[in-house]
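Visitor: I have a few "how do you know" questions about this model. Could you walk me through it?

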Amino acid sequence: MLTFDARVDARGFDLALDVAEGETVAILGPNGAGKSTLLSLISGLLRADEGSAALGSTVLFDQPGASRAGSRAESRGRPGTAAWLAPHLRGVALLSQEALLFPHLSVLDNVAFGPRSAGVSTTAARATAREWLAEVEASDLADRRPSQLSGGQAQRVAIARALAANPRLLLLDEPLAALDIAVAPALRRMLRRVLVGRTAIVVTHEVLDAVTFADRVVVMSRGQILEQGTTHDVLERPRHPFTAQLAGLNLLTGMRTAAGMRTDAGVEIAAGPSDLAEGIAVAAAVRPGAVAVLRDGSPEPGAGVIEVVVTDLEPRGDVVRVRAGELSADVPPARIAQLDLVPGDSVRFALRPDDVELYAR
Amino acid sequence: MTRATRRYSAVPRWVIVLAALGACFTLLPLVAMATRVNWGDFGALITSESSVDALLLSLRTSVSATVLCVVFGVPMALVLARTSFPGQRVLRALVLLPLVLPPVIGGIALLATFGRRGLLGHTFEVLGIQIAFSTTAVVIAQTFVALPFLVVSLEGALRVAGTRYEAVASTLGARPTTVLRRITLPLVLPALLSGAVLSFARALGEFGATLTFAGSLQGVTRTLPLEIYLQRETDPDAAVALSLVLVVVAVLVVGLTLRTGSVDAGLARRPRLAVVTPARETHSAADGS
């Protein structure tokens, strides 16, 4: 459905992405990864230096770069070869983390804005708007002004407004990031419901959003794709430290050995059974809860041991997360007291072979 | 609400003294002028034929000039605030030049453009139109000096409003003209109104450029400020009385601007107001006020 491949030099952005009809893709990445640039390029608010994108048979833009168009002298003659469709003709609706409801219009007229712009009569557009307000359970807000809405209500209305425009592609830019923790779950459920069967791209740094909405996950950083795959695959078997961090997992990378793996730092870790061949690059994702912290005592027989220095202790509900560089272990508070653990201590992280499941990298 | 509560303010006393002196400096001349008014003949003085002619001409030309300012000023402000092109900064400075230029120079410049021997004067003459020293010239002179007021106030408001609502409207399928009509202009309406009021006031007070470019012909180009200047020589009482009329008009204009200004502030305040008095907000919104 969507094919996209574009470059923006000033932002170090260079990325190719396809989204199938009816598919919801989550884009995960740290701040400054280029997620918003991607959405701006697709919606037409930003122009690419080079590249092209199409939505179905509609060309969104096609910008031959200097390198593709040949020498400069040649391309100077006809700059008109570039195609670019104005945002209002693209059928791409953008929902950002702020609702951005038009302050001078009522809620109903906000939602009716898309149909009205498409040339529908005021009466018909308002009827459509009422349907969409009902769909997001916000019918009772129809006559209010945006200034009279809470953050969660405003975002509901913004979702209705985006959907009422009947977009072929829906872009969501951290749709729940600005909301109270109290209202986010209800809205997440609602988004999940309306996104079924829709072609959509959800930009988020919240892994729960990806799990809830997306069929597929694309992890990006600094304008590039780090890894992608089905949501389950990417989050269960991360291949990149950033993804592992998002998924809350310890990532070990190294080489397959007979007994398990040798990490990049040269530590031998025993692993569970695997039919991967020796010598290939492998990774293992280990839950922090499966990591034991030892000071002197010897680990269980067969367990892999990594010498680390504690960098941070962080309370997390009923456990304390012991951070040591990129690795972490969740242990009960009593265990921390027993070990008399403070940041700066040298300890050992022990991994039972059964918890180390290898996969190819 | 907060105005009633007494808060500590860190303004030094000597600043307050200087501010009071400044305020006196501004207000005292007006008071002094009011004391010189010959109230007995006030009615007769301001309803003499030449006075009424001048007042009506002033109102007519100022309204026309204000309309022209809106017609050309809104697009100018939009282009300056929303697009970028080489030389934009220079162009902005030049467009705002009449704001700081002595009006008499504006008049000379307009003569050089539209005068009989002017740059475009010949073209107009061929078409049978003579602009200089006509009522049209008065409107042109007033528009020339008043236009920057509207452009400045609107461009600032457009920048503050930002482009995010416009971007959302575009992605919802609105054509640029629809975005302008339904989003951009309603959002800056208070600034547009206050800009228009300021332009009107500037046009009403125009003297130098009008005298230079349009002359002083009763009923044709002699606007109220010109009439006042002329009467000062022959009938000081009439001059003072007419001045008071202009002061009243100016006060009304300033009052109007403050009103629209408070509309502006009200928009920013609304979220909090809504929490306090949602019912009243809905009510006033329904009234369309």
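Guide: Gladly. This is a predicted model. From the N terminus on, the elements of chain B run α-α-α-α-α-α-α-α-α-α-α-α-α-α. The tally for chain B is 14 helices and zero strands.

Visitor: Why is B:W14 called exposed?

Guide: The label needs over 50% relative accessible area. B:W14 has 58% relative accessibility, so B:W14 counts as exposed. You will find B:W14 in helix α1 of chain B, which covers residues 13-35.

Visitor: What makes the nonpolar surface patch with B:W14?

Guide: The patch is made by B:V11, B:W14, B:V15, B:I16, B:V17, B:L18 and B:L21, and has an area of about 690 Å². To join such a patch, a residue needs over 30% relative accessible area, and B:W14 has 58%.

Visitor: How do you know that chain B and chain A are in contact?

Guide: Contact means heavy atoms within 4.5 Å. By that rule, 24 residues of chain B are in contact with 24 residues of chain A. The two chains bury about 2,200 Å² between them, 66% of it on carbon and sulfur atoms. B:T171, B:L172 and B:R182 supply 33% of the area that chain B buries against chain A, more than any other three residues.

Visitor: Why is the pairing of B:R164 and A:E98 called a salt bridge?

Guide: The cut-off is 4 Å between a side-chain nitrogen of Lys or Arg and a carboxyl oxygen of Asp or Glu. The side chains of B:R164 and A:E98 meet at 2.9 Å, N to O, so the pair is within the 4 Å limit and qualifies. The count between chain B and chain A is one salt bridge.

Visitor: Over in chain A, what makes A:G32 exposed?

Guide: A:G32 has 73% relative accessibility, so A:G32 counts as exposed, the cut-off being over 50%. A:G32 is in the loop between β3 (24-28) and α1 (35-43) of chain A. A:G32 and A:R11 are 21 residues apart in sequence, with their C-alpha atoms 9.2 Å apart in space.

Visitor: Which domains is chain A divided into?

Guide: Chain A is divided into domain 1 (2-236) and domain 2 (249-360). The C-alpha centres of these two domains of chain A lie 39 Å apart.

Notes. Residues are numbered from 1 along each chain as its sequence is written. Chains are lettered from A and ligands numbered from 1 in the order in which they are written. This is a predicted model: local features need pLDDT of at least 70, side-chain atom pairs count only at pLDDT 80 or more; totals for chains, interfaces and linings use all residues. Side-chain values use heavy atoms; hydrogens and water are left out. Domain bounds come from an automatic or database domain assignment. Patches are made of residues with over 30% relative accessible area and no salt bridge: like charges are joined within 9 Å, nonpolar side chains (Val, Leu, Ile, Met, Phe, Trp, Tyr) within 5 Å. Accessible areas come from the Shrake-Rupley method with a 1.4 Å probe; for residues, only the protein chains shown count as cover. Helices (H or I, at least four residues) and strands (E, at least two) are DSSP runs, numbered from the N terminus. Buried means under 20% relative accessible area, exposed over 50%, partly exposed in between (1.4 Å probe, protein chains only). Buried area is the accessible area (1.4 Å probe) that two parts lose on being put together, summed over both.
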